[in-house]
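Thank you all for coming.

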Amino acid sequence: MKTLKDINKVSNQYREIRKFISLYSSCANENSQILLDIEVNPLSPGFYLQAFANGLDQAMESYHQSVVDLERKFLRRPTLSLMFIFHEIEKFRPLFEFITRLINSVRTQKLFGCQILQHLQNNILHGDKSIMKAVQM
């Protein structure tokens, strides 16, 4: 049961990241504007926030591709275990936790403009290569 909860946690983090991206990226549409109006404390729109959201979108591409590959594997062999799925998804947990913390900081501190860039710069140094790759995008 813990394995399923861990998979669910990663998927919930992904959903929150996607929500942020859909609200603030350059690909935001009319539905995003409706969600933005509903959001309790929306952030001030700007180029840095948009670039930040676009960068997060690029960082999520490897996860999206991994899920597509996982679906293909599962369709070929529906007997794949939950542990196999967990192993494929678990490798994204540190990245998602890092991105979720960044998003929460941007929201709670109401960062805008160069403050977003400075915050990213202050949080970039650590030993995880997947996070470093995502931040450099």
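This is a predicted model: local features need pLDDT of at least 70, side-chain atom pairs count only at pLDDT 80 or more; totals for chains, interfaces and linings use all residues.

In which helix does His119 lie? His119 lies in α7, where helices are DSSP runs of H or I with at least four residues, strands are E runs of at least two, and both are numbered from the N terminus. Residues are numbered from 1 along each chain as its sequence is written, and side-chain values use heavy atoms, with hydrogens and water left out.

His119 is buried, with a relative accessible area of 13%; here buried means under 20% relative accessible area, exposed means over 50%, and partly exposed is in between, with a 1.4 Å probe and protein chains only. Setting aside residues up to four places away in sequence, His119 touches Leu102, Ser105, Gln109 and Leu111, contact being heavy atoms within 4.5 Å.

Lys73, in helix α4, counts as partly exposed at 33% relative accessibility. Its contacts, again leaving out residues up to four places away in sequence, are Leu80, Phe84 and Glu88.

Lys110 belongs to the loop between α6 and α7, and it has a positive phi of about 55° although it is not a glycine. With a relative accessible area of 37%, Lys110 is partly exposed.

Phe20, for its part, touches Leu43, Leu49, Phe52, Ala53, Leu56, Ile103 and Arg107, not counting residues up to four places away in sequence.

As for α1, this helix has 23 residues and reaches 33 Å from its first C-alpha to its last, close to the 33 Å expected at 1.5 Å a residue, the expected span being 1.5 Å times one less than the number of residues. Among the buried residues of α1 are Ile7, Val10, Tyr14, Ile17 and Phe20.

Finally, the pockets. How much space lies in the largest pocket? The answer is about 300 Å³, where a pocket, on a 1 Å grid over the protein atoms alone, is an open set of points where a 1.4 Å probe fits, with protein on both sides within 12 Å along at least five of seven lines, and lining residues have an atom within 4 Å of a point. Of its 18 lining residues, Ala51, Phe52, Gly55, Leu120 and Val135 are the closest to the centre. The largest share of this lining, eight residues, comes from α3.

The second largest pocket holds about 150 Å³ of space. Eleven residues line the second largest pocket, and those closest to its centre are Ala59, Ser62, Leu95, Ser130 and Lys133. Here α8 gives the most to the lining, with three residues.

Notes: Grid points are joined across faces, edges and corners, and a volume is the space filled by probe spheres set on the points.
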